[in-house]
Amino acid sequence: MKKRFALLACVAALALAGTPSGAQELKREKDKITRAEIEASPQRDQDIYQVIRSLRPQFLRAARGVRSFNGVAAAPVLYVDGRHESDLDALKALPAAAVQEVRYLDPSKAENEFGNDAQSGAVVVTRVKVGISSPTSAPRDTTKPPQR
């Protein structure tokens, strides 16, 4: 009996000890797909639509209980780098390698952030920033004295 209890205690301690570091880095968030998850996805060489469809297909579905006037479920709206896109098919033209993060906002959060157009939720895509440089300042005119 004591051996069985000791064995159970060891198993419980190992379970509570944590996850391997690699698995911890790729920890899945319910409403977000990170760059690390995109790179680890088998669809990483395809468009972001395929990545979302494989990792979080619920992002692409209409929110439960949300219906339009004609009774058809309305799809979530899409924002890429803060710009409203026509529909979710625009994701098919965006390579997964160009995406930093994909977030899903449920209808209440989406409506608060984007207004009535987002009553069915929103998919928010942030692309990888390439070649970020600081703005260059114009050369100073040294012929005039500084203004005070």
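Tyr79 is buried, at a relative accessible area of 7%, where buried means under 20%, exposed over 50% and partly exposed in between, with a 1.4 Å probe and protein chains only. The model is predicted, so local features need pLDDT of at least 70 and side-chain atom pairs count only at pLDDT 80 or more, while totals for chains, interfaces and linings use all residues. Residues are numbered from 1 along each chain as its sequence is written, and side-chain values use heavy atoms, without hydrogens and water.

Tyr79 sits in strand E2 (residues 77–80); helices (H or I, at least four residues) and strands (E, at least two) are DSSP runs numbered from the N terminus. Leaving aside residues up to four places away in sequence, Tyr79 touches His84, Phe114, Val123, Val124 and Val125, contact being heavy atoms within 4.5 Å. With the same exclusion, the contacts of Val125 include Tyr79, Leu91 and Val102.

E2 belongs to an open sheet of five strands in the order E1-E4-E5-E2-E3, with mixed pairing; two strands pair if DSSP finds at least two bridges between them. Strands E1 (32–33) and E3 (83–85) are at the edges with a single partner strand each, so one side of each has no neighbour in the sheet. E1 and E4 pair in the antiparallel sense over two bridges, and Lys32 stands opposite Arg103 in E4.

The largest nonpolar core has 21 residues, and Ile48, Ile52, Leu91, Val102, Val123 and Val125 touch the most other members. Such a core is a set of buried Ala, Val, Leu, Ile, Met, Phe, Trp, Tyr and Cys residues joined through side-chain atoms within 4.5 Å. Helix H4 (48–55), E2, strand E4 (99–105) and strand E5 (122–127) each give two or more residues to this core.
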